[in-house]
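Me: I'd like to go through this one with you, a few questions at a time. Could you take it slowly, please?

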Amino acid sequence: MRECLSIHIGQAGIQIGDACWELYCLEHGIQPNGVVLDSQQDQLENAKMEHTNASFDTFFCETRAGKHVPRALFVDLEPTVIDGIRTGQHRSLFHPEQLLSGKEDAANNYARGRYSVGSEVIDLVLERTRKLAEQCGGLQGFLIFRSFGGGTGSGFTSLLMERLTGEYSRKTKLEFSVYPAPRISTAVVEPYNSVLTTHSTTEHTDCTFMVDNEAVYDICHRKLGVECPSHASINRLVVQVVSSITASLRFEGPLNVDLIEFQTNLVPYPRIHFPMTAFAPIVSADKAYHEQFSVSDITTACFESSNQLVKCDPRLGKYMACCLLYRGDVVPKEVNAAIAATKSRHSVQFVDWCPTGFKVGINNRPPTVMPGGDLAKVHQSICMLSNTTAIVEAWARLDHKFDLMYAKRAFLHWYLREGMEEAEFLEAREDLAALERDYEEVVQSF
Amino acid sequence: MSDTLTADVIGRRVEVNGEHATVHFAGVVPPVAGPWLGVEWDNPERGTTEGLCILNAGGSFIRPNKVNFGTDFLTAIKNRYVLEDGPEEDRKEQIVTIGNKPVETIGFDSIMKQQSQLSKLQEVSLRNCAVSCAGEKGGVAEACPNIRKVDLSKNLLSSWDEVIHIADQLRHLEVLNVSENKLKFPSGSVLTGTLSALKVLVLNQTGITWAEVLRCVAGCPGLEELYLESNNIFISERPTDVLQTVKLLDLSSNQLIDENQLYLIAHLPRLEQLILSDTGISSLHFPDAGIGISMKHTAFHLFPFAVFQWSFFNELEKLPSLRALSCLRNPLTKEDKEAETARLLIIASIGRLKTLNKCEILPEERRRAELDYRKAFGNEWKQAGGHKDPEKNRLSEEFLTAHPRYQFLCLKYGAPEDWELKTQQPLMLKNQLLTLKIKYPHQLDQKVLEKQLPGSMTIQKVKGLLSRLLKVPVSDLLLSYESPKKPGREIELENDLKSLQFYSVENGDCLLVRW
């Protein structure tokens, strides 16, 4: 029961997915071929995990042979990235039918991903999704991983989301999206793709967790001492956060155990569904055990902008809802003391109309790290999900860039050639302008 | 605390108002009545009494009842994890608020119930819980036998024996952290076989010496990771029977460690990662005869520290299995104009390196780096006697020590060609002029002139110049040129509108004028 289906779209989605499932396997003790570790030493662990056996079920499907297959679908319009998984370390973990690739990619073009190339693949994808959904006893919903800026990530995702809403109207859909980095841009037309996709997917998604490449890049560079962070290092950090967010879905924990709870706890209005994530502590592997972080330390760290995954300043906005998820060896007494001691408490401002403030939950399972990675293993970690109006800053930046290019109709012909119309651009831009206004309205007091 | 003091109070660790200290004196101090404790604070700035002449640091006299001697391990665990069965009112503390909104805790009751089952505890953290002793014998083993990881940092443990008493009772103990405890280590041999399952031992900031380290780890046959940060360690001897299984050794922030001591730990057979950040190492020297620096897939973590010479990286090249290196933030790479250049130089200096500063070195990058290195030092190589022909190649000793990989690079990519090594001339006008000789084949008495003319000059203008010189009308002049590279061939410069460049006139050519 309560199964979650993950769909990874485009290069970003697939690479995050690869790291993600690797981490999940480490956390659940599943080997790269899908079999659970069964050594003597782990008998004790397994005994402890017996009552949480159901946790496997949410994300992994157990075959009769005892293999655990992830409930995931990897989709891309060109084969290179998926071939990486087909030949990679975890190739025997996935069923070949879960890895779907087309032949011609979307070339960073929303129109190609959505209309021309994407429309050829969509039916196959939906069929596979149906198959995976049938294996579930009680599907809760979908977790979509994708980037805003790429062609497949933006175009194909919006097409897919529309069709998913059509077929599975009552199921929750959560997104983990990579927001185009303000300073590190891989394609010039990212603002176009981002605005167009946000316009089309907003009404179909229930909650979107944004990850900003530049923020993560800075964390890797400054805190982990990585000179030129590659996608691999960035993804390893991102999946730690993803793992913390989904921890309650996979292990027994009290907070956010259902996908629907994320909505209820974090989303006050359907359109205001972009929470910001922060994570602490982030310690480099060669500084393991040098500094000890107490629960108070990591709680305070969460409110600092250097630990956030999106570049924005929460002190400039107001909070609407917030969740603190502790993981590891954390005692309720300490959490209460830590929160009471957080110095930043008084600078946190809430909107007037919101009665509840912070929700705090603890998950006993300690955070795991991937061997050979840059992060050190810590005993306690915290992940903060906050719906703050300050995130409108991110949208404003995007809209500004969109305007600059659109004013000159630059690069527009690539989209018009694939059958799009200028009207769609204007519509999308207006939608985002309305989103910004919505955020402003929320802040105003009555 | 009772006022009666016994002699065994001396040497114990205590806590007073958050500050940790060691007891050095117990007794009466006339003329004031009553018992006093003389303590030495950890923090040298605390404390006022100079009268304690046995101490070097700050000390004070304190009444025994003001001092916390700590609790035993089991009590500390119960304090932290067990659900208190006290009256309900005690637990209804004031509601914590953030931003004027109450904080809602979800599911804390079930967590507390779960954690209360001490026998199920596997990971335990008792940092700063004032643990000073193991408590009654066997108590810990009975209550929480399944503990695998215990963090006892910043407590009041006073000796290694006390630590052993605790660890002894935990058969499955894998990770033990006793950092920030000022421990007294035994001078004789230690009880062996007690920590057989221990894999990770953390002894940061405990004031331990190298000899004591070797004695303590004698009881940990399967030790894989050893952390010894900030202990002022000076490696005095080579470990013979111990530390043979250690994969990771953290010696950062030990300023007394210098390069001469590295040799003593270089022979540890399983050592994979060596962390030497913030130590006294400023240069490296490994003896050449490959006496097996037998580290497998070693990773060196070296930042931030002072690398002052590029020869440092040449020394690292001598380690046959070094695959990863971290050395950000050291003065050598800061001096360089770009970190990028420094990175390329390091990559080229150490051939087998696969990861630098936690970024993988792709084959493309390595190729680029090595080609750059070869080009950058090409002129030096030539001056030191390098030559394409292996017979004529006689490099000076100096060059070979400074650039040990250069020969190898020449073999791999070929010796650098002359045209590669030509330094770019700055783009000034005088560098663009062609120096030409002007000869008059029919008038042998005229002197041969030498003139500098720009290559873009048209033949018409050249004729004009010559006519003014020779006092001959332009229309009578016939120009051709001859190149010393192709003697005997004369090329006519017939089209007046074309330039000298068009006819490929080069530096050193000879213009022939006839009329």
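Reply: Let us begin with one helix: A:R222 and A:D218 both sit in helix α9 (residues 213-223) of chain A, 4 residues apart, which is about one turn of the helix. Please keep in mind throughout that this is a predicted model.

Me: And what do A:R222 and A:D218 form?
Reply: A:R222 and A:D218 form a salt bridge, and the closest N and O atoms in it are 3.6 Å apart. In general, side chains of opposite charge can pair when their charged atoms come close.

Me: Is A:R222 buried or exposed, and what about A:D218?
Reply: A:R222 counts as exposed because its relative accessible area is 57%, whereas A:D218 counts as buried, with a relative accessible area of 14%. The cut-offs behind those words are over 50% for exposed and under 20% for buried.

Me: How many salt bridges are there over all chains?
Reply: A search of the whole structure finds 33 salt bridges over all chains. One of them joins the side chains of A:R250 and A:E27, at 2.7 Å from N to O.

Me: Are A:R250 and A:E27 buried or exposed?
Reply: A:R250 is buried, at 0% relative accessibility, and A:E27 is also buried, with a relative accessible area of 6%.

Me: What about A:R315, which residue does its side chain meet in a salt bridge?
Reply: The side chain of A:R315 meets that of A:D313, with an N to O distance of 3.2 Å. A:R315 itself counts as exposed, because its relative accessibility is 63%.

Me: Over to chain B: which residues are linked in a network of salt bridges?
Reply: The network is made up of B:R366, B:E370, B:R405 and B:K412.

Me: How is chain B divided into domains?
Reply: Chain B is split into domain 1 (12-66), domain 2 (71-83 + 104-367), domain 3 (368-413) and domain 4 (430-514). Where domain 1 of chain B touches domain 2 of chain B, each of the two contributes 8 residues to the contact.

Me: How much area do domain 1 and domain 2 of chain B bury between them?
Reply: Domain 1 and domain 2 of chain B bury about 630 Å² between them, and 53% of that is on carbon and sulfur atoms. On the domain 1 side, B:R12, B:R13 and B:H20 supply 75% of the area buried against domain 2 of chain B, more than any other three residues.

Me: Now the two chains: how many residues of chain B are in contact with chain A?
Reply: In chain B, 53 residues are in contact with 50 residues of chain A. The area buried between chain B and chain A is about 4400 Å², and carbon and sulfur atoms give 52% of it. B:I98, B:K101 and B:K358 supply 15% of the area that chain B buries against chain A, more than any other three residues.

Me: How many salt bridges are there between chain B and chain A?
Reply: There are 3 salt bridges between chain B and chain A. B:R80 forms a salt bridge with A:E334, in which the closest N and O atoms are 2.7 Å apart. Across the interface of chain B and chain A there are also 13 residue pairs in polar contact, with both residues at pLDDT 80 or more. The side of chain B that touches chain A divides into 20 nonpolar, 16 polar and 17 charged residues.

Me: Last one: where does A:C136 lie?
Reply: A:C136 lies in the loop between α6 (118-134) and β6 (139-147) of chain A, and A:C136 is buried, with a relative accessible area of 9%. Leaving aside neighbours within four places in sequence, A:C136 is in contact with A:E3 and A:R71.

Conventions. Residues numbered from 1 in each chain as written. Chains lettered and ligands numbered in written order. Predicted model: local features only at pLDDT ≥ 70, side-chain atom pairs only at ≥ 80, totals over all residues. Heavy atoms only, no water. Salt bridge = Lys/Arg side-chain N within 4 Å of Asp/Glu carboxyl O. Buried < 20%, exposed > 50% of the residue type's maximum accessible area, 1.4 Å probe, protein only. Helix = DSSP H or I, 4+ residues; strand = E, 2+ residues; numbered from the N terminus. Domains from an automatic or database assignment. Contact = heavy atoms within 4.5 Å. Buried area = accessible area lost by both parts, 1.4 Å probe. Polar contact = N/O pair within 3.5 Å; in protein donor to acceptor, adjacent residues only side chain to side chain. Nonpolar A, V, L, I, M, F, W, Y, C, P; charged D, E, K, R; others polar.
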